[in-house]
Amino acid sequence: MADIVVLGAGVGGIPMAYEMQSLAGSEHKITVVNDNPFFQFTPSNPWVGVGWRSKKDVTIDLAPVFKKNGIEFILGSAKKLHADENRLELESGESVSYDYLVIATGPELAFDEIEGLGPKGHTQSVCHVDHAVSANAEWEEFCKNPGPITVGAVQGASCYGPAYEYAMIMDTDLRKRGIRDQVPMTFITAEPYVGHLGLGGVGDTKGMLESEMRDRHIKWITNAKVDKVEEGNMHVTELNNDGSEVKKHEIPFKYSMMLPAFRGISAVTGIEGLDNPRGFIIVDEHQQNPKYKNIFAVGVCIAIAPLEATAVPVGVPKTGYMIESMVTATAHNIKEILDGKEPSHKPTWNAFCLADLGNKGIAFIAKPQNPPRNLNWASQGKWVHYAKIAFEKYFMRKIRIGQSEPFYEKYMMDMIKVRKVK
Ligand SMILES: Cc1cc2nc3c(=O)[nH]c(=O)nc-3n(C[C@H](O)[C@H](O)[C@H](O)COP(=O)(O)OP(=O)(O)OC[C@H]3O[C@@H](n4cnc5c(N)ncnc54)[C@H](O)[C@@H]3O)c2cc1C
C-alpha cells in the first residue's frame with residue numbers, strides 16, 4: 001500500500017485527491033493536508049468583494065466532504081517539507097510521511113514586496129475569501145461616501161483576469177447603486193498593454209478590454225510599477241517598452257484592490273532542486289520534480305517561465321483548465337509508477353477562461369497557452385456572465401459529491417460547439 005499525500009485542498013488539490021483515489025483504488029491511501037477547514041472557490045471571490053456572494057456561498061466544509069468520499073483529511077499547516085526524509089512537518093509539530101507527495105498549495109501572496117500594499121496596508125485583496133469579506137466591508141463604507149478607485153495588478157503579478165473582473169464588477173455595482181458618476185477609476189497594471197493577461201493576449205482581448213474600459217470610463221496605466229502605497233495615495237512609475245521612464249504618477253484613491261505578485265509557500269522554499277528562487281516547484285513534462293521523483297506539483301505553485309521579457313515583470317497565469325490538465329496527468333502518472341511503469345502522461349496546459357465583467361463577460365481559449373496558437377479565440381457577451389455562474393455551481397457540486405472525472409475539457413468542448421468556435 002502506498003501513502004499518497006496531497007498538500008493543499010484548493011482548486012487543484014481536491015480534484016487531485018478525487019482523481020487519484022478513483023485511479024488508485026482502495027489498496028492505496030490518500031490523505032489531504034490543508035491549513036483551512038474549508039474549500040474556497042477562488043474565482044468567485046470578486047463577487048464576495050462587492051457583496052454579490054457571501055463567504056458561505058463560495059466555501060465548503062472539508063471534513064464531512066472528505067469523510068463521505070473516503071479520503072483522510074488532516075487540518076494543519078505545513079511548516080517544513082523534509083524531502084530527503086519523505087516527511088512533511090506541520091506547525092502542530094506532527095509529521096506526515098508519504099510515499100508520494102503532490103504539492104497543491106497555490107501561492108503565497110507577496111504583499112510585503114511593496115510598501116503599503118495589501119489588507120495589512122492600504123489596498124484590498126480578493127485572492128482569499130477572508131480578504132474578499134474585508135474588501136466587502138470596506139466597499140460598503142466606501143459606497144456611503146464614494147471617491148476615486150485604483151484597481152489592477154502589481155509588478156510580477158501573474159493573475160490579471162481577476163483584476164479586470166473586479167474593476168468591471170465594481171463599475172457594474174456602482175451603476176446599480178446610482179453612484180458611478182462620483183467615482184473616477186484608474187486601472188493600473190504591469191502588463192505591457194491592456195488585455196495581455198500574461199499570455200500575450202488571446203484573440204482580441206486587447207481590443208475587447210480596451211473598448212470595455214473606454215465604455216465604462218476607466219482610465220488605465222500599463223507598464224506600471226507600483227513604488228509604494230500610502231493611505232489614499234498610490235505612487236506609480238510608468239515605463240516605456242524599453243524600460244525607460246515615462247512618468248511618475250501619484251494617484252489618489254478612496255478604495256483600492258491590487259493583485260499582488262505570487263511566490264511559493266515558505267514550507268517548500270529553499271530546497272535545492274525542488275523549487276526555483278521564487279519558491280515555485282520545478283516540474284518536468286509529467287508534473288514530476290526532476291530531483292525528488294516521488295514529488296509532483298499541480299496548480300499555481302508550479303514554476304512556469306514568463307512568456308516574454310517585458311518592461312515590468314509579468315508572470316504567466318495558471319488557470320483552472322490548465323490546472324485540471326496537470327491534475328489528470330499527475331494522477332495517471334502516479335498510477336503508472338504504482339504499477340511499475342514509467343510516467344507517460346503530459347498535461348496540455350491550455351488556457352480556457354470565463355472572465356466576468358459584472359453584467360456580461362469575456363471568454364477565451366488559448367491552445368496552446370503560448371502564441372502562435374492553433375486556437376486563439378475570445379468572445380464576449382451576457383452569456384459569459386451566466387456561463388460563469390453555471391460554472392461556479394458545477395465546480396462546487398463536483399467538490400461536494402466527490403466527482404473524480406475532469407470536466408473543464410467537456411465544458412469547453414460543449415461551449416465550442418454551441419458558440420461555433422473555429
Ligand atoms: C481572485 C482570483 C480569481 C481567479 N479566477 C479564476 C477564474 O475565473 N478562472 C480560472 O481558470 N482561474 C482563476 N484563478 C486562477 C486559479 O484558478 C486559482 O488561483 C486557483 O484557486 C488555483 O488553484 P490551486 O489549487 O493552485 O491553489 P488554491 O486554490 O489557492 O489552493 C491552495 C490550497 O493550499 C492550502 N495551503 C496553502 N499553504 C498551505 C500550508 N502551508 N499548509 C497546508 N495547506 C496550505 C490553501 O489553504 C488552499 O486551500 C483565479 C485566481 C484568483 C486569485
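Trainee: Which residues form one aromatic cluster?

Mentor: This is a predicted model, in which local features need pLDDT of at least 70, side-chain atom pairs count only at pLDDT 80 or more, and totals for chains, interfaces and linings use all residues. Residues are numbered from 1 along each chain as its sequence is written, and side-chain values use heavy atoms, with hydrogens and water left out. Rings of Phe, Tyr and Trp (its six-membered ring) pair if their centres lie within 6.5 Å; planes under 30 degrees apart count as stacked, over 60 as edge-to-face and the rest as tilted. One cluster is formed by Phe39, Phe41, Tyr321, Phe352, Phe391, Tyr394, Phe395, Phe407 and Tyr408.

Trainee: How many aromatic pairs does the structure hold, and what is the geometry of Phe395 and Phe407?

Mentor: The structure holds 16 aromatic pairs. In the pair of Phe395 and Phe407, the centres are 5.9 Å apart and the planes are at 70°, an arrangement that is edge-to-face.

Trainee: Is Phe395 buried or exposed?

Mentor: Buried means under 20% relative accessible area, exposed over 50%, and partly exposed in between (1.4 Å probe, protein chains only). The relative accessible area of Phe395 is 2%, so Phe395 is buried.

Trainee: Is Phe407 buried or exposed, and how does Phe407 pair with Tyr408?

Mentor: Phe407 has a relative accessible area of 11% and is therefore buried. With Tyr408, Phe407 forms a pair at 5.8 Å centre to centre with 10° between the planes, which is stacked.

Trainee: What is the orientation of H6 and H7 to each other?

Mentor: Helices (H or I, at least four residues) and strands (E, at least two) are DSSP runs, numbered from the N terminus. Axes are lines fitted to C-alpha atoms, for helices over the stretch in contact, and angles run from 0 to 180 degrees between N-to-C directions; under 35 degrees counts as roughly parallel, over 145 as roughly antiparallel, 65 to 115 as roughly perpendicular and the rest as oblique. The axes of helix H6 (residues 161-177) and helix H7 (residues 205-215) come within 11 Å and cross at roughly 30°. H6 and H7 are therefore roughly parallel.

Trainee: Which residues make the contact of H6 and H7?

Mentor: Contact means heavy atoms within 4.5 Å. H7 contributes Leu209, Glu212, Met213 and Asp215, and H6 contributes Tyr164, Met168 and Arg175.

Trainee: Which residues of H7 are buried?

Mentor: What covers them includes H6 and strand S12 (185-189). The buried residues of H7 are Thr205, Met208, Leu209, Glu210, Glu212 and Met213.
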